[in-house]
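Reader: I'm new to this one. Can you walk me through it?
Author: Here it is.

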Amino acid sequence: MEKIIVNGGTPLFGQVEISGFKNAALPIIYACVLVKGKCILENIPAISDITYSFEILSGIGAKIRMIDKTTYEVDCTDVEPGKSEYDLVRKIRGSYYLLGAEFGRFGKARVGFPGGCNFGVRPIDQHIKGFEALGGRVSTEGGYIEIESDGRAVGTNIFFDVSSVGATLNIMIAAATAEGTTIIENAAREPHIVDCANFLNTCGARISGAGSDVIKIKGVSELHGCTYAVIPDMIEAGSFMVAAVATHGAVKITNVIPKHLESISAKLEETGAIIEEFDDAVMVTAGEKIRRTSVKTLPYPGFPTDMHPQMSALLCHAEGTSYINESIFENRFRYVEELKRMGAKIKVDGRTVVIEGGAPLTPAPVIATDLRGGIAVMIAALATPGKTEISEIKLIDRGYDDICGKLRQLGADIVKVTVPDEDEELKAN
Ligand code: EPZ
């Protein structure tokens with residue numbers, strides 16, 4: 001089993017380059033299934049969600065060739081629908097984009113239910129609503145989601161009941177090669193939706209309005225291969241911004257799109273940090289003290305829910321009482337128990353985290369409860385003098401490319417170690 005050991009209390013200083021965006025790379029990788037040809041994808045992060053996705057595509061007949069550490073050739077000429085491996089698909093959430101891609105390419109799809117971070121119920125009713133609107137007949141039996149049709153998805157108008165990133169992307173992918181025009185209303189507006197639309201348009205699709213709440217997709221009969229670079233990871237960037245402030249450091253974060261970080265920058269400035277923006281970088285300098293603040297997570301361009309746990313870790317060090325209202329997921333609070341182990345005065349009241357900040361935390365053995373919960377306890381450990389051990393770190397590897405190496409570049413005393421599993425120890429005794 002692997003653990004991360006942090007000797008905290010050292011301010012982070014220096015420069016770090018951000019990797020490609022996991023949540024943009026995933027829909028784009030699965031959207032390659034629409035293309036009977038080769039796509040070259042650049043700025044792909046080296047994380048396990050991507051590794052699993054390439055394994056899933058290879059399993060249905062795609063040919064994946066690694067050109068360099070962040071560049072891949074994906075050839076989906078010979079893929080077949082309904083062949084993805086159930087146990088691989090359930091490892092991640094993003095595998096559900098295979099539904100839209102198979103439906104768009106073949107007029108049918110069969111994929112196991114997705115997995116993903118455990119935030120309570122993570123429904124897919126809006127995805128199903130969209131597939132049915134496109135003429136699909138959807139069934140969910142035996143752990144699989146199946147879509148059948150009379151041959152091809154047919155364009156239509158869809159009004160989503162909630163702003164859903166996944167559903168917006170899945171339906172946009174399916175509609176790209178549907179017969180006729182599809183209009184998605186109450187669409188999510190995240191940058192990764194724009195990125196996937198740009199990728200599809202580079203392959204010959206006719207999508208307009210991505211980034212607004214109305215997206216128009218004029219179906220085309222075929223898409224061709226292309227070369228496309230994925231946008232930088234705004235959540236990885238935000239995580240480093242918070243770590244710089246929490247450790248009273250100063251870090252230049254490069255390969256970012258500052259506009260994507262605006263809500264995070266604004267909130268960190270409220271805590272007293274100084275943020276300087278450059279064309280493709282931000283410079284984050286901690287203020288004298290960390291000031292309390294209140295946060296409400298919202299769909300883009302609001303404050304991202306994927307930055308909520310990291311902000312909690314920061315606000316544990318802010319004088320006074322801070323609040324974080326989580327409006328997107330009903331139970332994204334499992335990380336709170338881990339911060340409590342480090343002495344944080346933090347509690348959950350309904351859907352609001354209440355933090356009595358100011359007192360220093362103390363090191364303690366903690367776990368990554370999920371991807372962003374893992375980074376939250378890492379940020380808390382970096383800001384806390386002494387040795388903190390973090391277990392269950394595979395969850396962090398799902399979404400962060402070489403996080404320990406990048407933090408060591410900034411002066412952090414952090415290592416990943418392998419220790420015998422409990423049952424191996426039992427066997428040994
Ligand atoms: C994506 O999840 C991201 N995952 C999540 O990031 C992110 O937190 C989330 O978008 C919101 O930004 C990936 O991109 C792989 P949603 P997704 O559909 O698509 C409700 C991370 O840490 N909803 O926008 O599952 C849902 O319950 C991960 O990188 C329905 O009701 O999120 C939630 O309350 C964690 N019905 C809200 O919408 C549906 O059919 C937003 O969910 C779909 C969603």
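This is a predicted model: local features need pLDDT of at least 70, side-chain atom pairs count only at pLDDT 80 or more; totals for chains, interfaces and linings use all residues.

Reader: OK. Where does the ligand sit?
Author: The ligand sits in the largest pocket. The elements that give two or more residues to the shell around the ligand are α1, α5, α6 and α12.

Reader: Which of them gives the largest share of the shell?
Author: That is α5, with 3 residues.

Reader: And which residues come nearest to the ligand?
Author: Y96, S164, V165, D306 and I328, out of 23 residues around the ligand.

Reader: What polar atoms lie by the ligand's oxygen atoms?
Author: An N or O atom in the side chain of Y96 is 2.7 Å from a ligand oxygen. For R122, a polar side-chain atom lies 3.1 Å from an oxygen atom of the ligand. With I328 the backbone is involved: one of its N or O atoms lies 2.5 Å from a ligand oxygen.

Reader: How much of the ligand does the protein bury?
Author: The protein buries 91% of the 820 Å² that the ligand exposes when taken alone.

Reader: Back to R122. Where is that?
Author: R122 is in the loop between β6 and α5. The C-alpha atoms of R122 and F329 are separated by 8.3 Å, although the two are 207 residues apart along the chain.

Reader: New topic: α8. Buried or exposed?
Author: Mostly covered: 13 of its 13 residues are buried.

Reader: Why does its length agree with what a helix should span?
Author: Helix α8 covers residues 234-246, and at 1.5 Å a residue its 13 residues should span 18 Å. The end C-alpha atoms are 18 Å apart, so the two agree.

Reader: What happens at its ends?
Author: D233 caps the N-terminal end of α8, with a side-chain oxygen 2.8 Å from the backbone nitrogen of I235. Just after α8, H248 takes a positive phi of about 60°.

Reader: Which residues does a cis peptide bond join?
Author: Y300 and P301, with omega about 10°. P301 is in the loop between β17 and α10.

Key
Residues are numbered from 1 along each chain as its sequence is written. Side-chain values use heavy atoms; hydrogens and water are left out. Helices (H or I, at least four residues) and strands (E, at least two) are DSSP runs, numbered from the N terminus. The expected span of a helix is 1.5 Å times one less than its number of residues. Buried means under 20% relative accessible area, exposed over 50%, partly exposed in between (1.4 Å probe, protein chains only). A polar contact is a pair of N or O atoms within 3.5 Å; within protein, one must be able to donate a hydrogen and the other to accept it, and residues adjacent in sequence count only if both atoms are side-chain atoms. A residue is near a molecule or strand if one of its heavy atoms lies within 4 Å of it. Accessible areas come from the Shrake-Rupley method with a 1.4 Å probe; for residues, only the protein chains shown count as cover. On a 1 Å grid over the protein atoms alone, a cavity is a set of points where a 1.4 Å probe fits but cannot get out, and a pocket is an open set with protein on both sides within 12 Å along at least five of seven lines; lining residues have an atom within 4 Å of a point. A molecule sits in a cavity or pocket if more than half of its atoms lie within 2 Å of its grid points.
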